[in-house]
Amino acid sequence: MITLGIETSCDETAFALLRYNGSKQQPDILAELVSSQIALHQEYGGVVPELAAREHLRNLPLLHEQIFSEAGITLEEVDCISVTSGPGLKGCLLMGMHFAQALARAAEKPLVCVNHIEGHIWAGALKKEELRTPFLALVVSGGHTEIVHVHNFGTYEVLAKTIDDAAGEAFDKSANLLGFPYPGGAELSALADTVKESPFTLPKVMREAEGFSFSGLKTAIALLVKKNLNELSKERKKAELAYAIQDSIVDSLVFKLKKALSLNACKQVVLCGGVAANSALRKSLTDIEGLELIVPEPKHCMDNAAMIAYVGGRRYAEQGQVTNNPQARPRWSIEDAA
Ligand code: KG4
Ligand code: ZN
């Protein structure tokens, strides 16, 4: 069963063609493309929704043509079209959805709307290892931070989520305070990894609270930067502050995941979203005894369309589900995904 996936929820336009081989088999990715807009938004220090939507509109037909020529198949051979319809930026979601709807209508193919977070979680299934429900997912990206209990494909329970900034956003805003260009999370982390300890202390973020909160951390960092402005011109000092920032964010994620594991008997954890690339986070999670950590390939941790094609294809193949009344849902909770 071949599915075309389209993703435009934020600042990446992505297409994928994927053959779904059943839930116990690794799917075949026939072709996948991602066009990132980071360079476009860099001068504004964050994603500008109007510019992002316009860029999607420009990219969609180009990527559509390219993906079929790379895979060497035609739209007629596709069994269903999957598209992200939330959560995300409304104008961006609508671009992908309108494009997908037009394709589905013209080619008389079924359309399946997919939840972006559900996509991130099942990016774990694009690897060889088999995901066995129930498992926990730690979704950490620029826009989302959630611990999700995956009871089965389609049944999700959010155990913790952020009440303000997402983990990636916390990395990026901190990176900005240290003078890195947007997004900056990866650069901050690379600098942090050059030292092994830090004289700086930052609050252990919201350890006892139910959800995550990273906005207080940003204020604490801003104060530290102001107080140590001269010192921070030295690369070593900057690295030590980066270390403390990373340590504080990672501590919050790991602490809450351990708590969730103690309350929910799950052996597998899928770590997904762009921040899954963070080596300090991966190391801390790998150190948890008895845990099978599944991290998708780096390209599938970032926003991509293979994960959307997988979820849409599986929903259509297993449950025969199609979306008759597609609607953009900027704040769509994973709990209502199915
Ligand atoms: O999943 P993603 O591509 O986009 C969203 O859905 O938001 O995640 C991008 C986020 C950015 O905030 C970026 O700075 C962060 O992931 N990121 C990292 C690292 N690599 C990417 N944060 C910390 N350490 C990294 N190594
Ligand atoms: Zn994402």
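User: Great. What should I know before we start?

Analyst: This is a predicted model, where local features need pLDDT of at least 70, side-chain atom pairs count only at pLDDT 80 or more, and totals for chains, interfaces and linings use all residues. Residues are numbered from 1 along each chain as its sequence is written, chains are lettered from A and ligands numbered from 1 in the order in which they are written, and side-chain values use heavy atoms, with hydrogens and water left out.

User: Okay, the core. Which residues touch the most other members of the largest nonpolar core?

Analyst: Those are I249, L253 and L281, in a core of 47 residues. A nonpolar core here is a set of buried Ala, Val, Leu, Ile, Met, Phe, Trp, Tyr and Cys residues joined through side-chain atoms within 4.5 Å. Buried means under 20% relative accessible area, exposed over 50%, and partly exposed in between, using a 1.4 Å probe and protein chains only.

User: And which element supplies the largest share of this core?

Analyst: That's α8, with twelve residues. Helices (H or I, at least four residues) and strands (E, at least two) are DSSP runs, numbered from the N terminus.

User: What does L253 touch?

Analyst: Leaving out residues up to four places away in sequence, L253 touches L138, V140, T145, A167, F212, F214 and L281. Contact means heavy atoms within 4.5 Å. There is also a second, separate core of 33 residues, which includes V114, V150, F153 and C272.

User: Switching to charges: how many salt bridges are there?

Analyst: A search of the whole structure finds 13. To count, a side-chain nitrogen of Lys or Arg must be within 4 Å of a carboxyl oxygen of Asp or Glu.

User: Why would such side chains pair up?

Analyst: Side chains of opposite charge can pair when their charged atoms come close.

User: What about K173: which residue does its side chain meet in a salt bridge?

Analyst: D165, at 3.1 Å from N to O. D165 is buried, with a relative accessible area of 8%, while K173 counts as partly exposed at 28%. D165, E169 and K173 are linked in a network of salt bridges.

User: And where do R236 and E240 lie?

Analyst: Both are in helix α8, four residues apart, which is about one turn of the helix.

User: Last topic! How do α6 and α8 cross?

Analyst: Their axes come within 7 Å and cross at roughly 110°. Axes are lines fitted to C-alpha atoms, for helices over the stretch in contact, and angles run from 0 to 180 degrees between N-to-C directions. So α6 and α8 are roughly perpendicular to each other, a label for angles of 65 to 115 degrees (under 35 is roughly parallel, over 145 roughly antiparallel, the rest oblique).

User: Which residues of α6 meet α8?

Analyst: L188, S189, L191 and A192 do, and their partners in α8 include A239, A242 and Y243.
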